[in-house]
Amino acid sequence: MKRRNEGRAGFLFALPWLFGLVAFMFYPLLMSLYYSFCDYSALRSPVWIGTDNYSELFHDEVFWTCVKNTVLYACVSLPLGMVIAIGLAMLLNTNVKGMTIYRTIFFIPSLVPMVSLAMLWLWILNGDYGVLNTALGAIGVKGPNWLSDVSWTKPALILMSVWGVGNAMLIYLASLQDVPSSLLEACELDGASSWQKTRHITLPMISPVIQFNMVMGIIGSLQVFAIPFVMFPGGTPARSTYFYAMYLYDSAFSYSRMGYASAMGWILFLVILLLTLIALKLSNKHVHYGGA
Amino acid sequence: MNKKKLNTTLTHFALVTLSCVFIFPFLWLLDTAVKPISETMKQPPVWIPSKFEFGNFWEAVNYGSDKVGYIPFLIYAQNTVMLAILVVIGTVVSNSIVAYSFARLRWWGRDLIFGITLATMMVPFPVMMVPTFTIFKHLDWIGTYRPLWVPAWFGSAFSIFLLRQFFKTIPFELSEAATIDGAGEWKIFQSIILPLCKPALAVVALFSFMGTWNDFLGPLIYLLRQETFTLSLGLEFYHSKAGGTQWNLLMAATSIVILPVLVVFFFCQKQFIKGISITGIK
């Protein structure tokens with residue numbers, strides 16, 4: 001009797017989400033798959049055109065530029081961000097005085113709204129009056145034109161992304177604090193160096209969190225949008241900062257090619273799915289689940 | 001022993017240097033915001049303004065109030081706060097109810113659906129963009145705030161996950177005792193679980209506030225008329241209009257957008273750290 005009631009209550013309590021899951025997740029996902037095979041502008045109803053969108057994408061030069069930009073950005077910013085986040089977390093995990101202050105300082109940049117962040121960096125990287133180039137000049141380096149030189153716009157964005165590693169750093173820090181100190185002390189007694197301790201104890205112990213952050217990082221960096229959209233309207237100069245999500249947005253809302261945009265969306269979805277599975281598979285060999 | 005001392009010194013040195021690098025952009029932001037316009041464009045840069053122009057903040061907020069290109073910053077702030085309130089209430093109410101079901105009630109298919117829920121966190125937003133837009137267009141909601149807050153009332157995977165983790169830690173004996181006393185599930189949820197999980201609810205409220213305050217893509221897609229813009233959207237609009245000429249005013253406006261986020265963070269640091277740390281736990 002009680003059991004049956006519990007089942008009904010459980011279903012009723014979950015109802016808002018069951019509706020949300022269907023209305024704002026399953027339905028859009030399926031419709032977007034359908035639209036990707038349609039010619040669909042905001043003004044007309046979708047018309048089935050088979051795989052035309054996909055074959056057009058395949059021959060679309062702009063599409064490939066965006067793919068290249070996005071992959072390049074992800075391939076540099078992701079590993080760099082991970083190394084820096086882990087490094088910072090390890091520095092903070094050494095029982096130094098003032099840890100909470102440092103933690104706050106490193107974390108704050110990742111709280112700032114993207115648009116404000118973009119404004120701030122537009123000013124810091126400004127070609128004429130930018131303070132970064134002034135600082136570089138002071139140590140005898142001639143700073144590049146971060147915002148208008150095709151070969152320096154992506155490094156500028158990567159630099160900014162490193163500034164926002166605070167979120168990942170906090171997650172690493174929390175898991176570092178869970179590494180049992182008895183293990184590390186035992187190692188010390190056996191005469192292990194600090195590198196050996198890091199390599200054989202600390203990193204394996206936090207490996208599930210590294211894997212988690214890596215997967216989230218892949219998903220996030222392939223969708224990079226707000227900052228380049230605000231800082232480099234239209235991906236200027238010479239489309240060097242035109243990223244996948246920007247072209248997708250433009251296709252849908254500037255050129256009103258909803259079907260084309262949906263095809264791009266599904267390709268992105270499948271790529272993320274595939275990369276996530278690969279990341280999980282590859283790193284599972286190295287991921288160590290402790291006691292839990 | 002000496003080696004240990006050297007290590008500590010080196011760690012401190014590294015942390016102080018890195019802190020300076022991380023904090024510098026903010027200092028430069030504030031520094032520029034209180035400069036007279038003539039001193040923003042000097043080379044070499046003026047580090048300490050000859051005169052602190054706190055009036056810049058006022059001017060940024062009322063930029064061009066006498067001109068055609070007037071940017072109603074205060075209205076944007078009001079819009080953003082209103083939207084954030086709707087989203088935060090909806091997120092807390094809906095997700096706590098749903099998380100109760102996933103954490104404390106047994107029903108057919110629960111674990112499967114929870115697994116699917118977690119998996120949906122991986123679905124990139126761009127793939128949903130067009131169909132979601134179409135749904136709201138059919139409802140005739142484009143140009144209103146509804147597409148931005150109504151979905152929040154139907155739960156979100158991340159908040160469900162977070163609350164479920166907390167709800168599971170409350171001893172089940174409490175629920176059992178309440179059942180014996182004749183309490184129904186709603187009563188247990190309302191008078192036992194919710195009061196005990198206030199910190200967790202605070203974390204979820206905090207995250208959804210931040211998410212709304214910082215959101216750019218959502219308002220960009222759904223808000224059409226200038227007077228309905230949120231701060232993020234307004235700031236971008238401001239920039240493209242002011243054309244980057246008045247850097248001191250732009251930086252003053254930027255500081256104003258950032259300020260509430262920092263204030264909230266300083267008051268709720270503990271909840272923040274807790275909430276973010278738990279996301280890394282499998």
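This is a predicted model: local features need pLDDT of at least 70, side-chain atom pairs count only at pLDDT 80 or more; totals for chains, interfaces and linings use all residues.
Leaving aside its neighbours within four places in sequence, with which residues is A:Ala118 in contact?

Figure 1. Once neighbours within four places in sequence are set aside, the contacts of A:Ala118 are A:Ile227, A:Val230 and A:Met231. Both A:Ala118 and A:Ile227 also belong to the group of residues that touch the most other members of the largest nonpolar core.

**Figure 2. The largest nonpolar core, with 146 residues.** The members that touch the most others are A:Ala118, A:Trp121, A:Met169, A:Tyr172, A:Ile227, A:Tyr244 and B:Ala253. Helix α4 (residues 73-104) of chain B supplies the largest share of this core, namely 13 residues. In soluble globular proteins, nonpolar side chains tend to be buried together.

**Figure 3. The contact between chain B and chain A.** On one side stand 71 residues of chain B, and they are in contact with 67 residues of chain A. Within the side of chain B that touches chain A, helix α1 (residues 2-33) of chain B gives the most, with 12 residues. Sorted by class, this side of chain B comprises 46 nonpolar, 20 polar and 5 charged residues.

**Figure 4. The fold of chain A, with 14 helices and 2 strands.** Taken along the principal axes, a box of roughly 80 × 75 × 30 Å is filled by the C-alpha atoms of chain A. Of the 292 residues in chain A, 39% are buried. Where contacts in chain A link residues at least 6 apart in sequence, 70% of them join residues at least 24 apart.

Note on methods: Residues are numbered from 1 along each chain as its sequence is written. Chains are lettered from A and ligands numbered from 1 in the order in which they are written. Two residues are in contact if their C-beta atoms, placed from the backbone, lie within 7 Å. Helices (H or I, at least four residues) and strands (E, at least two) are DSSP runs, numbered from the N terminus. Ala, Val, Leu, Ile, Met, Phe, Trp, Tyr, Cys and Pro count as nonpolar, Asp, Glu, Lys and Arg as charged, and the others, Gly among them, as polar. A nonpolar core is a set of buried Ala, Val, Leu, Ile, Met, Phe, Trp, Tyr and Cys residues joined through C-beta atoms within 7 Å. A residue is buried if 20 or more other C-beta atoms lie within 10 Å of its own, exposed if 12 or fewer, and partly exposed in between; C-beta atoms are placed from the backbone.
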